[in-house]
Structures are given as C-alpha cells and as structure tokens.
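The sequence and the structure come first, and the notes follow by topic.

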Amino acid sequence: MLILLLAALLELVFVLYIFQLKKMLYAILALVLVFIANAAIFALVGMVFVAILQLFVIVGGIATYLLVGLSPSMPMAVSISKPKFALSAIVLMLAFSFAISKMGFASSKATSINIYAIFGNISFLYLLVLALFAICIAAIVVIKKIGVKK
Amino acid sequence: MSIMIVAILSFFMLSFGIAGVVSSKNMIMIIISAELILVAASLAVVSFAFESLFLSVMEFLLTIWSVMAMEIIALVAAYRYMHREEISFDIDKLSSLKG
C-alpha cells in the first residue's frame with residue numbers, strides 16, 4: 001500500500017515536471033517517466049501482464065518514436081502560462097474531488113453492465129482500433145500531399 | 001483502498017491534462033497533455049475493473065493505447081511538415097495551415 005502511494009506521488013511529480021521543465025526534450029523524457037510509473041502502478045495493483053504491455057508498447061514503441069520524431073527541434077522552449085495552469089488545475093481538482101466524494105464505488109457495477117452492453121462485441125472494438133489507425137494513416141497522406149503542393 | 005488511490009490519481013492526472021490543454025500555447029504541449037488525459041483514462045479503467053465482474057480491461061486498454069499511438073503519429077507527421085515549412089507551433093498563428 002505504501003509503495004503504491006509512493007508510486008502515485010512519483011507519477012504526479014513527473015507530471016508536474018512536464019509543465020515545469022524548460023526544454024521540450026526534458027518534457028518528453030518526463031512523459032516517458034510518467035508512462036513507466038504508470039506501468040509500476042499497474043504491476044503493484046496486480047496486473048503484471050498489462051504493466052509489461054504498457055512498458056513494451058508505450059514506453060518502448062510510442063515514446064521512442066516521439067523522441068526520434070521530434071528530435072530536430074529539441075532546444076525549443078516550452079511555452080505555458082504557469083499561473084493559468086495552476087489555477088485551472090486547482091479548480092478542476094476541487095471539482096473532481098467533490099465528484100469523488102459523491103461517487104459510490106458500489107454503483108459502478110451497474111455502470112459497467114451498461115458499458116458492457118454497448119461494447120459487448122469484441123469485434124466492434126477491434127474495428128474501432130482499425131478505423132483509428134486508418135484515420136491516422138490518412139492524416140499522414142493528406143499532410144504529405146499538402147507538402148508536395150507547396 | 002488501493003483502488004481508491006488509483007481512482008484519485010486518475011482524477012488528478014485528468015485535471016493536470018485538462019489544465020495543460022487549456023493553458024499551453026504550444027501544439028506539442030497540447031498533444032502531450034492529451035496523452036496525460038488518456039493515461040488518466042487507462043488508470044480509471046483499471047480502478048473500476050476491480051469492482052466489476054463484466055468489464056474486460058484489455059479491450060478498453062487496447063482502444064486507449066491505439067488512440068495514444070494515433071495521436072503521437074499524427075503529431076510527428078504534422079510536426080515534420082510544419083518544421084520543414086517553417087510554420088510556427090504557436091496555436092495563435094496556426095491559421096497559416098489554411099493554405
């Protein structure tokens with residue numbers, strides 16, 4: 001329990017690092033650390049397979065692709081309005097903590113049954129994933145065509 | 001108790017992500033904040049899956065991870081184009097993408 005709490009705090013610290021660090025490279029590395037801490041939380045909760053998948057797919061694949069893809073502009077500074085970020089984060093946290101205080105975990109069974117009724121067909125989810133990747137590849141093709149025209 | 005910690009962490013991550021989207025002007029930071037929102041979604045799925053007998057975690061996590069991958073691929077593609085054409089990443093100046 002204590003280790004889980006520490007991992008959660010560590011993840012929050014890494015999230016704050018994303019918005020505090022000046023260089024984009026360090027912000028992306030902090031995002032990778034968030035993913036690693038997320039995998040640690042999955043493992044501590046008992047979902048070791050999900051944690052390994054998170055490490056392999058997200059940290060090993062997507063984060064590396066992000067680092068390599070964005071490498072030409074690494075000295076770019078992060079432009080973020082810190083007072084605006086702090087104010088909106090505090091307001092949202094207060095709103096969500098009010099929602100948590102009113103939320104009963106016992107009612108989640110009914111919600112999950114409804115969700116299962118909607119997404120019960122696994123093939124529907126796989127089709128959704130396929131459609132998302134198709135949209136992504138179409139976006140790349142459109143961007144390339146715009147570049148050729150210019 | 002551990003489920004509650006994960007749920008509260010997911011709500012915190014969601015609020016940080018939304019605050020990042022609202023307050024940043026850089027396009028890359030907005031996409032990274034959206035990644036944080038999706039991480040919060042995966043944490044919420046895991047926390048609620050303990051309470052449910054019917055909710056299968058892997059299908060939802062696969063969907064969330066594919067959305068994350070799609071965002072990153074679209075970001076890198078748009079970034080490479082904008083960097084080559086010397087377009088600013090400030091979202092106030094993104095009207096130059098209209099052509």
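Predicted model: local features only at pLDDT ≥ 70, side-chain atom pairs only at ≥ 80, totals over all residues.

In which helix of chain B does B:Glu35 lie? B:Glu35 lies in helix α2 of chain B.

**Chain A**
- Chain A contains 6 helices and 0 strands, and its pattern along the sequence reads α-α-α-α-α-α.
- Of its 150 residues, 36% count as buried.
- Among contacts in chain A with a separation of 6 or more, 58% are between residues 24 or more positions apart.

**Chain B**
- Chain B contains 3 helices and 0 strands, running α-α-α from the N terminus on.
- Of its 99 residues, 58% count as buried.
- The accessible surface of chain B is about 3900 Å², with 67% of it belonging to carbon and sulfur atoms.
- Among contacts in chain B with a separation of 6 or more, 56% are between residues 24 or more positions apart.

**Helices α2 and α3 of chain A**
- Helix α2 of chain A spans residues 24-45 and helix α3 of chain A spans residues 48-69.
- Their axes come within 8 Å and cross at roughly 170°, which makes α2(A) roughly antiparallel to α3(A).
- On the α2(A) side, the residues that meet α3(A) are A:Leu25, A:Ile28, A:Leu29, A:Leu31, A:Val32, A:Phe35, A:Ile36, A:Asn38, A:Ala39, A:Phe42 and A:Ala43.
- On the α3(A) side, the partners are A:Val48, A:Val50, A:Ala51, A:Gln54, A:Leu55, A:Ile58, A:Val59, A:Ala63, A:Leu66 and A:Leu67.
- By class, the contact of α2(A) with α3(A) has 19 nonpolar residues, 2 polar ones and no charged ones.

**Helices α2 and α3 of chain B**
- The axes of α2(B) and α3(B) are 10 Å apart, and the two helices pack at an angle of about 175°.
- Angles over 145 degrees count as roughly antiparallel, and α2(B) and α3(B) are therefore roughly antiparallel to each other.
- The α2(B) residues in this contact include B:Met27, B:Ile31, B:Glu35, B:Leu38, B:Val45 and B:Ala49.
- The α3(B) residues in this contact include B:Val57, B:Ile64, B:Met68, B:Glu71, B:Ile72 and B:Met82.
- The contact of α2(B) with α3(B) is made up of 20 nonpolar, 1 polar and 2 charged residues.

**The largest nonpolar core**
- The largest nonpolar core has 65 residues.
- Two or more residues come from each of α1 (2-20), α2, α3 and α4 (82-102) of chain A, and from each of α1 (2-23), α2 (27-49) and α3 (57-84) of chain B.
- Helix α3(B) gives the largest share of this core, 13 residues.
- A:Ile18, A:Ile41 and B:Met13 are the residues with the most contacts inside the core.
- Leaving aside neighbours within four places in sequence, B:Met13 is in contact with A:Glu11, A:Val15 and A:Val34 in chain A, and with B:Leu36, B:Val39, B:Ala40 and B:Leu43 in chain B.

**B:Glu35**
- Is B:Glu35 buried or exposed? With a relative accessible area of 0%, B:Glu35 is buried.
- Not counting residues up to four places away in sequence, B:Glu35 touches A:Leu31 and A:Phe35 from chain A, and B:Met68, B:Glu71 and B:Ile72 from chain B.

- A:Ala89 is buried, with a relative accessible area of 4%.
- Which residues does A:Ala89 touch, not counting residues up to four places away in sequence? They are B:Ser15, B:Phe16 and B:Ala19.
- A:Phe96 has a relative accessibility of 18% and counts as buried, because buried means under 20% relative accessible area.
- Not counting residues up to four places away in sequence, A:Phe96 touches B:Phe11, B:Leu14, B:Ser15 and B:Ile18.
- A:Phe96 and A:Val57 are 39 residues apart in sequence, and their C-alpha atoms are 30 Å apart in space.

Key
Residues numbered from 1 in each chain as written. Chains lettered and ligands numbered in written order. Heavy atoms only, no water. Axes fitted to C-alpha atoms, helices over the stretch in contact; angles between N-to-C directions. Helix = DSSP H or I, 4+ residues; strand = E, 2+ residues; numbered from the N terminus. Parallel < 35°, antiparallel > 145°, perpendicular 65-115°, else oblique. Contact = heavy atoms within 4.5 Å. Nonpolar A, V, L, I, M, F, W, Y, C, P; charged D, E, K, R; others polar. Core = buried A, V, L, I, M, F, W, Y, C linked by side-chain atoms within 4.5 Å. Buried < 20%, exposed > 50% of the residue type's maximum accessible area, 1.4 Å probe, protein only. Areas by Shrake-Rupley, 256 points an atom, 1.4 Å probe, with all protein chains shown as cover.
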